[in-house]
Amino acid sequence: QAQLVESGGGLVQAGGSLRLSCAASGRTFSSYGLGWFRQVPGKEREFVATISWNGGITYYADSVKGRFTISRDNAKNTVYLQMNSLKPEDTAAYYCTASARYRGGSYLLSDYDHWGQGTQVTVSS
């Protein structure tokens, strides 16, 4: 079965950096749009960043623009999220996701088909 597995989360002080990775297996996702979302318990899952199938288009939530960078390596079937200047409000479980239909990427939760299990990012104040 196709799987997405996130890694790289952890505890970091405000102002610090983390690099999240999402490795896909069971299927090649080189033609899929990819994205990152985050979620705090009791709240809706929130869009963070997306990238088109060839990496040519990226889009970010206003809350992370200028601090986070999404990238992908199709040869490794992997998508990354570089997170700099982290703030306490970035604390959440971070999920990677893939869309077969929206190859150019999307900021809508409902446009995605496959999801990872999440990795926790906690930013202390």
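Asn74 sits in the loop between β7 (68-73) and β8; strands here are DSSP E runs of at least two residues, numbered from the N terminus. The model is predicted: local features need pLDDT of at least 70, side-chain atom pairs count only at pLDDT 80 or more, and totals for chains, interfaces and linings use all residues. Residues are numbered from 1 along each chain as its sequence is written, and side-chain values use heavy atoms, with hydrogens and water left out.

**Asn74 and its surroundings**
- Asn74 is partly exposed, at 28% relative accessible area (buried is under 20%, exposed over 50%, partly exposed in between; 1.4 Å probe, protein chains only).
- Beyond its neighbours within four places in sequence, Asn74 is in contact with Ser30 and Trp53 (heavy atoms within 4.5 Å).
- A polar atom of the Asn74 side chain lies 3.0 Å from the backbone oxygen of Trp53.
- The side chains of Asn74 and Arg72 make a polar contact at 2.8 Å (N or O atoms within 3.5 Å; within protein, one must be able to donate a hydrogen and the other to accept it, and residues adjacent in sequence count only if both atoms are side-chain atoms).
- Asn74 and Ser63 are eleven residues apart in sequence, yet 27 Å apart in space, C-alpha to C-alpha.

**Salt bridges**
- The structure holds four salt bridges (a side-chain nitrogen of Lys or Arg within 4 Å of a carboxyl oxygen of Asp or Glu).
- Arg38 pairs with Glu46, with the closest N and O atoms 2.9 Å apart.
- Arg38 counts as buried at 6% relative accessibility, whereas Glu46 counts as partly exposed at 37%.
- Arg38 also meets Asp90 in a salt bridge (2.9 Å, N to O).
- That pair links distant parts of the chain, 52 residues apart: Arg38 in β4 (residues 33-39) and Asp90 in the loop between β8 and β9.
- Asp90 is buried, at 0% relative accessible area.
- Arg67 forms a salt bridge with Asp90, with the closest N and O atoms 2.8 Å apart.
- Shared partners join Arg38, Glu46, Arg67 and Asp90 into one salt-bridge network.

**Strand pairing**
- Strands β1 (residues 3-7) and β3 (residues 18-25) run antiparallel, joined by five bridges (pairing needs at least two DSSP bridges).
- Leu4 has Ala24 in β3 as its bridge partner.
- Six bridges join β3 to β8 (residues 78-83), also antiparallel.
- Arg19 stands opposite Gln82 in β8.

Methods. Helix = DSSP H or I, 4+ residues; strand = E, 2+ residues; numbered from the N terminus.
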